[in-house]
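Here is a friendly walk through how two protein chains meet. Please have the sequence and the 3D view open as you read.

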Number of protein chains: 2
Amino acid sequence: MTDPAPFESLACPAPLPQDRFIVLGHGSGGTLSHQLIQNIFLPAFSNPVLDALEDQATLDPARFGGGAGRIALTTDSFVVRPIFFPGGDIGSLAVHGTINDLAVGGAEPVCIAAAFILEEGLTLDDLRRICASVQAACREAGVTLVTGDTKVVDRGKGDQVYITTTGLGVIPAGRDVAISAGNARPGDRVLVSGTIGDHGIAVMSVREGISFGTPLRSDSAPLSGLTRAMLGVCPRIHCMRDPTRGGVSSALNEIAAASGVGMKLTESALPIRAEVRAACEMLGLDPLYVANEGKLIAIVPPVDAGAVLAAMRSHPLGRDAADVGDVVADHAGVVTLKSLIGGERVVAMLAGEQLPRIC
Amino acid sequence: MTDPAPFESLACPAPLPQDRFIVLGHGSGGTLSHQLIQNIFLPAFSNPVLDALEDQATLDPARFGGGAGRIALTTDSFVVRPIFFPGGDIGSLAVHGTINDLAVGGAEPVCIAAAFILEEGLTLDDLRRICASVQAACREAGVTLVTGDTKVVDRGKGDQVYITTTGLGVIPAGRDVAISAGNARPGDRVLVSGTIGDHGIAVMSVREGISFGTPLRSDSAPLSGLTRAMLGVCPRIHCMRDPTRGGVSSALNEIAAASGVGMKLTESALPIRAEVRAACEMLGLDPLYVANEGKLIAIVPPVDAGAVLAAMRSHPLGRDAADVGDVVADHAGVVTLKSLIGGERVVAMLAGEQLPRIC
């Protein structure tokens, strides 16, 4: 944040200069709203569909494979605190999170809609920085931001900026996928695309003022390239999830419950960075419950597991991919972990709230 | 609000019972999140696509006319205060606003995504009431809520509930529309679908504690049936807008600027309820700048104006439709109003903020 003053002087809010700060008038639908669009949003996101500035984006069906494929839609609000963190910010996170929800459904992301809820007092410099980050993330994932909205709330009724992104994608007609949390079968392998807990610990370290020998960064990244590579070698992947809030544990518990199967994980196989492990010990957290924003879990038929794992490892975002356990017919709905010292324990779904506002 | 206590005791927040209030754990992605989905969202919105509870909704291309039509996408955040007001609430408003953005682009709404940002301390009863209202509005408009998201922010970082709705629609292949803010031509007629300012004044009256002899209600309503009727008699409507924030004035100024034309309105032709007129005088507001949530403006070739107006008037949401002025080649980009006493004045775009958090 370049100028924290307005958020620190809540007791006596003075009028803010509208050329440096968000004011309520920026949400009026009048002149100030237009200036915001002209001076910040359009320069950041310019493209023919958005530039039309209609109330809705109209999209050529050719962008969705000419209509033969299935359409995929996903939406997520992002309320992460702080809005800037090592390895990303709320803007890149909002794009990656939405891209990843499409990707783990086997869809190719096509375009994004972004709705901003701005708190009076946010600096325009911070908003510009976030928009640049949104746009960079869209470019990297090959999607276009085609429509958006801005609302402004009074000081103390928001937290700088909340972003809701909605992603629209297509499952190409030729891509014969049937990915669902209910499709796991006994015998399937449980694959994880890389080190777990990086995002949650990176954000937490900023909040708590913890520093590491090597700086820990969020893993926030768009996974559509990785899923494309995986589906290329095995279209019949049974389940995919990106383990965000609630971590790997919640994602696997959801799959176990939806599929009516059990899962047995092996702790020694879980890829975890040494600094994440250390931070978790210090903070009393379990890495299995810590959020990831650039990782996925895949449940794969055993015959395909080797090929899928190899495809993951040859992609930059899957270098540390690992086979971490198996799907079993025993203890349906329950995930267990064989610990480093040999015991077995239940990995339940997160009961309360471990790290609020992590995404 | 059934129990305002948690919002009044900010100085000393006590732990909230999670069976009656939203707590941070409802946003954890763990057990409480699942309970919220199972106990509130699914009962309210149940349908096959949503019930799958995948990270994304997958939609049959047949719902989009088999792919030959164009896809329309729109997104809006809703931050209206208070969340319940005469004639609607934030839930119905969020659906109507998004439906209407699709409708004024000539699209048929198909489905909706809804993302909730809940403030810790919101009562579950209020959330249930809002969800019921969202669902009723979806039913009325013939759309399905197919995917969603929930985040929880700490007390004092939100305002009970913010909702971001994203609408997906289709412009059917046979519907040869070219509606754009840039398409107004000199000679065109300016049509308004009914009384203006109702929404803004209804919300303002609750905030300011103003009462009327007859209770004034928001006009919040889904306009897709009305636009279908209008396009049925005249596919070549030049422009349509729903004049929400910033009112009729801002919508017409946008069209005048985008089309490089002037507009001349006749004050005596503007449909305005007596109570709205009275409230505007009392509050020092101009009804042309007050938000509407169930009205539209259409710019129509003169030869079609009579037929379009008749089609509007025979629809329940267009009963009070009126021809309020004409598009002129003079004073490009400027909207003028011939007043009741005969003078002519410029109706500029809203400069500051008249009614914050109106939608």
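## Salt bridges between the chains

A salt bridge here is a side-chain nitrogen of Lys or Arg within 4 Å of a carboxyl oxygen of Asp or Glu. Between chain B and chain A, 14 salt bridges are counted. One of them joins Arg245(B) to Asp149(A), with the closest N and O atoms 3.2 Å apart.

A word on the ground rules: this is a predicted model, in which local features need pLDDT of at least 70 and side-chain atom pairs count only at pLDDT 80 or more, while totals for chains, interfaces and linings use all residues. Residues are numbered from 1 along each chain as its sequence is written, chains are lettered from A and ligands numbered from 1 in the order in which they are written, and side-chain values use heavy atoms, leaving out hydrogens and water.

## The interface as a whole

How many residues of chain B are in contact with chain A? The count is 75 residues of chain B, touching 75 residues of chain A, where contact means heavy atoms within 4.5 Å. The area buried between the two chains is about 5900 Å², and carbon and sulfur atoms give 53% of that. Buried area is the accessible area (1.4 Å probe) that two parts lose on being put together, summed over both. Asp55(B), Leu73(B) and Arg245(B) supply 12% of the area that chain B buries against chain A, more than any other three residues.

## A strand pair across the interface

Strand β1 of chain A (residues 57-59) pairs with β2(B) in the antiparallel sense, over 3 bridges. Strands are DSSP runs of E, at least two residues, numbered from the N terminus, and two of them pair if DSSP finds at least two bridges between them. In this pairing, Thr58(A) stands opposite Ala72(B).

## How the copies are related

Chain B superposes on chain A by a rotation of 180° with 0.0 Å of shift along the axis, at an RMSD of 0.0 Å. The two copies are thus related as by a two-fold rotation axis.

## Inside chain B

Strand β8 (residues 189-192) of chain B runs antiparallel to β11 (residues 297-300) of chain B, joined by 4 bridges. β8(B) also pairs in the antiparallel sense with β12 (residues 322-328) of chain B, over 4 bridges. Val192(B) has Ile297(B) as its bridge partner in β11(B) and stands opposite Ala322(B) in β12(B).

Note on methods. Copies are superposed by least squares on the C-alpha atoms of residues with pLDDT of at least 70 in both.
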